Amino acid sequence: MAENELAIVILAAGQGTRMRSSTPKVLHRIGGRTLLGHVVRQAESLGSEHVRVVVRHERDRVVESLADFPGVVAVDQDEIPGTGRATQVAVEALPAGFAGDVLVLSGDVPLIEADTFRALLDEHRRRDADATILSAELADPSGYGRVIRDDAGMVARIVEQKDATAEEASVTEINSGVYVFRGPALRDALARVGTDNAQGEMYLTDVMRILRDAGRGVAAISAPDARTALGVNDRVQLADAARILNQRVVRRWQLEGVTILDPQTTWIDDTATLEADVTVLPNTHILGASSVATGAVIGPDTSLVDTEVGAGATVRRSDATLAVIGAHATVGPWAYLRAGAELADSAKAGTFVEIKNSTVGEGSKVPHLSYVGDTTIGVGVNLGAGAITANYDDVAKHRTEIGDHVHSGSHTVFIAPVRIGDGAKTGAGAVIRKDVPAGSLALSVAPQRNIEGWVEKNRAGTAAAEASEHAHDAEKATDVGQE
Ligand code: UD1
Ligand code: CA
């Protein structure tokens, strides 16, 4: 087997106690992917044929999360704890006699990108080392293993914080948990790792000292951006990682031609896509598989989840999930588009409007105070303020079908199932229980009747009655004056 072959081992078997979570640590999410998903994605791009993910805690959930990466093989860790044991079971699962390099990554170190892995690998091969550590200089190194160098400046060993003397703990060069090893040297050294340490675990980091004692070369290179070495062990670090990733994603889109006015309050998942000349205003979240086409203006105060936005559309102070917003459509302020809401080109969902599982045809408008559910709306329709589709009768959901160029009067209720023909109109306050044929005007409210003097007679002594008396007196005075 070729010496330059590459295997990648990703450690993901730990519980992550410090997260205090029922979700395994590596399945916590930042930027729309799991921590482990970020690591696996970067690893996959290196083109190795041997990518192994070590699992144990909640192994089924972790394995399931890898469904998008068919090339990746899960390896089970046994009851022996520690990163050393995790690496050992993965190495044992490589093809017999594998003599290439082994890149070891941590499932909880999500921000390091493939370029850095490549640089590490190049340096390792250039120096012909047996192990090369990716280290980082941190102003606050607490919690990390420290890289201890000898008088000549060569890496002597890594010491874990819990096992460190005060002097060792003051070292600011930390182990990022990313390393590359010469396969056979790693296998030999792991066989000699014990559990005689503060945590009673097989430490992968012991391999450095063992290799060094055997006269083998151990090197370290510094991560180009120390912040990417961040390991996620608790929720504070999770938020730190999310923020750093978001800064990276926002910057990437800015350089691709997207105007993002306030990077601090804009959150864009790594999984979303935007085109040049999109504008994103403050307090906006663009999440999941959302996509935004050129010229669209999103925000302020807007959240898009798995939502497609067409060119030139405007979405202001609104919330959309699994929705499709057509080109030049306008949404908000204060609209709520739920799963299956589809606005065709130039359609409008206005203020205090909720739409779900419905299509709104080209140029059609639902401008004010409405609920539209399980509805098909044709083209050129205007639903007056306060339109409600009553789609649920306590047993089943029913559809409302509204043809082209329909105008409904304010406060119309459509009791589904019901159909409104093309060009039809409804009167204000209509309750539509029966189909309306094309071109008809549907009225359901009784003609208005005014019962004169009712208030003065039945509500004598109230402010309303007094106001009414004054009004009548004033009328009489005017009448007299005119006579
Ligand atoms: C580890 C390193 C430390 C380094 C830090 C970088 C060791 C002993 N220490 O410490 O030097 O500075 O990472 O972030 O390696 N895991 C397993 N099986 C296990 C235990 C852990 O697969 O039995 C996995 C975890 O799921 C995790 C990774 O290994 O993804 C690291 O484990 P963790 O317990 O977080 O190690 P740290 O204490 O952070
Ligand atoms: Ca860790």
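Visitor: In which helix does histidine 38 lie?
Guide: This is a predicted model. Histidine 38 belongs to the stretch of residues 35-44, and that stretch is helix α1.

Visitor: Is histidine 38 buried or exposed?
Guide: Leaving aside neighbours within four places in sequence, histidine 38 is in contact with Ile30, Arg33, Pro110, Leu245 and Asp270. Its relative accessible area is 4%. Buried means under 20%, so histidine 38 is buried.

Visitor: Which residues coordinate the calcium ion (ligand 2)?
Guide: The distances to the calcium ion (ligand 2) are 2.2 to 2.4 Å. One donor is an OD atom and the other is OD1. The residues that supply them are Asp108 and Asn233.

Visitor: How many residues apart in sequence are the parts that aspartate 108 and asparagine 233 tie together?
Guide: Aspartate 108 is in the loop between β6 and α4 (114-127). Asparagine 233 is in the loop between β11 (218-222) and α8 (235-255). The pair therefore ties together parts whose separation in sequence is 125 residues.

Visitor: Are aspartate 108 and asparagine 233 buried or exposed?
Guide: Both residues coordinate the calcium ion (ligand 2). Aspartate 108 and asparagine 233 are each buried.

Visitor: Are helices α6 and α7 roughly parallel or roughly perpendicular to each other?
Guide: The axes of α6 (residues 183-190) and α7 (residues 206-213) come within 9 Å and cross at roughly 105°. Angles of 65 to 115 degrees count as roughly perpendicular. The two helices are therefore roughly perpendicular.

Visitor: How many nonpolar residues does the contact of α6 with α7 have?
Guide: From α6 the contact uses Ala185, Leu186, Ala189 and Leu190. From α7 it uses Val207, Ile210 and Leu211. No polar and no charged residues take part, and the nonpolar count is seven.

Visitor: Which elements do the buried residues of α7 pack against?
Guide: The buried residues in α7 are Asp206, Val207, Met208, Ile210 and Leu211. Val207, Ile210 and Leu211 also belong to the contact with α6. The elements packed against are β7 (131-137), β9 (155-159), β10 (173-182), α6 and β11.

Visitor: Which glycine with a positive phi follows α7?
Guide: The phi in question is near 80°. The residue is glycine 215.

Visitor: What separates the C-alpha atoms of valine 91 and leucine 190?
Guide: Valine 91 is in helix α3 and is buried, with a relative accessible area of 4%. Leaving aside neighbours within four places in sequence, its contacts are Leu186, Arg187 and Leu190. Valine 91 and leucine 190 are 99 residues apart along the chain, and their C-alpha atoms are separated by 9.6 Å.

Visitor: How far apart in space are glycine 97 and aspartate 68?
Guide: Glycine 97 lies in the loop between α3 (83-92) and β6 (101-106). It is exposed, with a relative accessible area of 57%. Glycine 97 and aspartate 68 are 29 residues apart in sequence, and their C-alpha to C-alpha distance is 29 Å.

Visitor: Which aromatic pair is stacked, at 6.0 Å centre to centre?
Guide: The whole structure has two aromatic pairs. In the one asked about, the angle between the planes is 15°, and planes under 30 degrees apart count as stacked. The pair is tryptophan 334 and phenylalanine 352.

Visitor: Where does phenylalanine 352 lie?
Guide: Tryptophan 334 is in the loop between β24 (330-331) and β25 (335-337), and it is 18 residues from its partner in sequence. Tryptophan 334 is partly exposed, with a relative accessible area of 48%. Phenylalanine 352 lies in strand β27 (residues 348-356).

Visitor: Which proline is joined to glycine 332 by a cis peptide bond?
Guide: Most peptide bonds are trans. Here omega is about -5°. The proline lies in the loop between β24 and β25, and it is proline 333.

Visitor: What is omega of the cis peptide bond that joins glycine 299 and proline 300?
Guide: Proline 300 is in the loop between β18 (297-298) and β19 (302-305). The bond with glycine 299 is cis, and omega is about 0°.

Visitor: In which strand does leucine 369 lie?
Guide: Leucine 369 is not a glycine, yet its phi is positive, about 50°. Its strand covers residues 365-373 and is β29.

Key: Residues numbered from 1 in each chain as written. Chains lettered and ligands numbered in written order. Predicted model: local features only at pLDDT ≥ 70, side-chain atom pairs only at ≥ 80, totals over all residues. Heavy atoms only, no water. Helix = DSSP H or I, 4+ residues; strand = E, 2+ residues; numbered from the N terminus. Buried < 20%, exposed > 50% of the residue type's maximum accessible area, 1.4 Å probe, protein only. Donors = N, O, S within 2.8 Å, 3.2 Å for Na, K, Ca; no water. Axes fitted to C-alpha atoms, helices over the stretch in contact; angles between N-to-C directions. Parallel < 35°, antiparallel > 145°, perpendicular 65-115°, else oblique. Contact = heavy atoms within 4.5 Å. Nonpolar A, V, L, I, M, F, W, Y, C, P; charged D, E, K, R; others polar. Phe/Tyr/Trp six-rings, centres within 6.5 Å; stacked < 30°, edge-to-face > 60°.
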